[in-house]
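My notes follow in the order I made them.

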Amino acid sequence: MREQGPVYGLDDYLQTRNFAALDGLRALAVFLVFGFHFGGPKWDRFSGWLGVHAFFVLSGFLITTLLLRERDATGRVSLKAFYIRRAARILPLYFLVYLLVLGLSYIAQGTAWEQMKAATPYYLTLLNEFAGFAPLQMTWTLGVEWKYYLVWPVVFALFGSTCASRFGTVACGLTLLAAVWTMGAHPSWFSPWHYAGMLAGSAVAIAMHSRRTFGWMRVFMSPAAAAVVALALVAVHRKSLALSAWLGEPQLIAIYVVLVAMLLPSLVASTWLQRVLSSRFLLFVGRRSYAMYLVQYLAAQAVIGMSPSTVAGPLLLFASFGVALVASDFLYRWFEKPITAWGQRRAGAAAQQAPALPAAAGGAASA
């Protein structure tokens, strides 16, 4: 399989294994989150919290694309291999940061230590979205994603992957039920709407993988379409507070994830936006975005602790972003990449040795 290049047709798309521009989108999303957390009141109006929903769309798209390609290549889906890859990618770094924050909270004692003690049962079981306020509250997104990772591949393997199949409705319904199961009378970040992004990303992956529906997606691959969707996303961020007050937060999230999903085809095709988001700096940040997301509050506390006077607003935002990027580069090179590579090797061995649940027939090339 070849590296990322111009993608015009289904065959080109299926041969591409590195969608560089998606890392660029990750970089923008993590900056939006930093802006929301540390930018101060002037940044609040841009609703940078929506950036986590861009991550959700990307997650749904990428894991479904991998499942589809594995099914086409081997005729089956190895759930064991999938979970080994996901666990190696997510859990070691997460637990490393958790232990670091727990240790620092213990040294500091006070409120942070009490909060971490109360949240620890949730953090250890990846039920993060049910934990109360604590120094690692941003990891509620991992709790949401992990449940999708547990449910969606099983649904995919058992019932098939296309909405044209007779099991498509069952697959979508079971996934939505899994989302609702995590709901209840909780704050807004427990909403099943948070699963909408991953479902939207998965839907785009399925559409892009089929010869019949790939043609429908080509309309979003033109430079003009990329510009229109990108401008619409900018407008949603600038008018997010008004839109949320007018339509409601779930509706705002739905609009946002649909727009991000519509943007994906232009990021795998050869468009001006694909080239911009594939720039060296954005790729550097995007590939370290997971570690940056986890260490963001540690970075902000380091900046505040090292500053001789009060630091807030844009200064705190950019300084925290810089510190997090430096720390994340170290983690990415010396911790994250080696463990991910080990997980890939173990997953490859597991896929060859263990039987897997057969996926439904109907691969992309033959659709």
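**Helix packing notes**

I began with a crossing: H11 passes H13 in a left-handed sense. The model is predicted, so I keep in mind that local features need pLDDT of at least 70.

I then looked up the geometry of this pair. H11 spans residues 223-238 and H13 spans residues 249-268. Their axes lie 9 Å apart, at an angle of about 155 degrees. Angles over 145 degrees count as roughly antiparallel, so H11 is roughly antiparallel to H13.

Next I listed the contact. H11 brings Ala226, Val229, Ala230, Ala232, Leu233, Val236 and His237. H13 answers with Leu252, Ile255, Tyr256, Leu259, Val260, Met262, Leu263 and Ser266. I sorted these residues by class and got 13 nonpolar, 2 polar and no charged.

I turned to a second pair, H5 (residues 79-108) and H16 (residues 289-306). The angle is about 10 degrees, and the axes are 10 Å apart. That makes H5 roughly parallel to H16.

On the H5 side I noted Arg89, Ile90, Leu93, Tyr94, Val97, Leu100, Val101 and Leu104. On the H16 side I noted Tyr290, Ala291, Leu294, Val295 and Leu298. The class count here is 12 nonpolar, no polar and 1 charged.

Last, I checked the whole chain. I found 17 helices and 0 strands. Of its 367 residues, 51% count as buried. Among contacts between residues at least 6 apart in sequence, 74% join residues at least 24 apart.

Note on methods
Residues are numbered from 1 along each chain as its sequence is written. This is a predicted model: local features need pLDDT of at least 70, side-chain atom pairs count only at pLDDT 80 or more; totals for chains, interfaces and linings use all residues. Side-chain values use heavy atoms; hydrogens and water are left out. Axes are lines fitted to C-alpha atoms, for helices over the stretch in contact, and angles run from 0 to 180 degrees between N-to-C directions. Helices (H or I, at least four residues) and strands (E, at least two) are DSSP runs, numbered from the N terminus. Angles under 35 degrees count as roughly parallel, over 145 as roughly antiparallel, 65 to 115 as roughly perpendicular and the rest as oblique. Contact means heavy atoms within 4.5 Å. Ala, Val, Leu, Ile, Met, Phe, Trp, Tyr, Cys and Pro count as nonpolar, Asp, Glu, Lys and Arg as charged, and the others, Gly among them, as polar. Buried means under 20% relative accessible area, exposed over 50%, partly exposed in between (1.4 Å probe, protein chains only). A crossing is left-handed if the near helix is turned anticlockwise from the far one by less than a right angle, and right-handed if clockwise.
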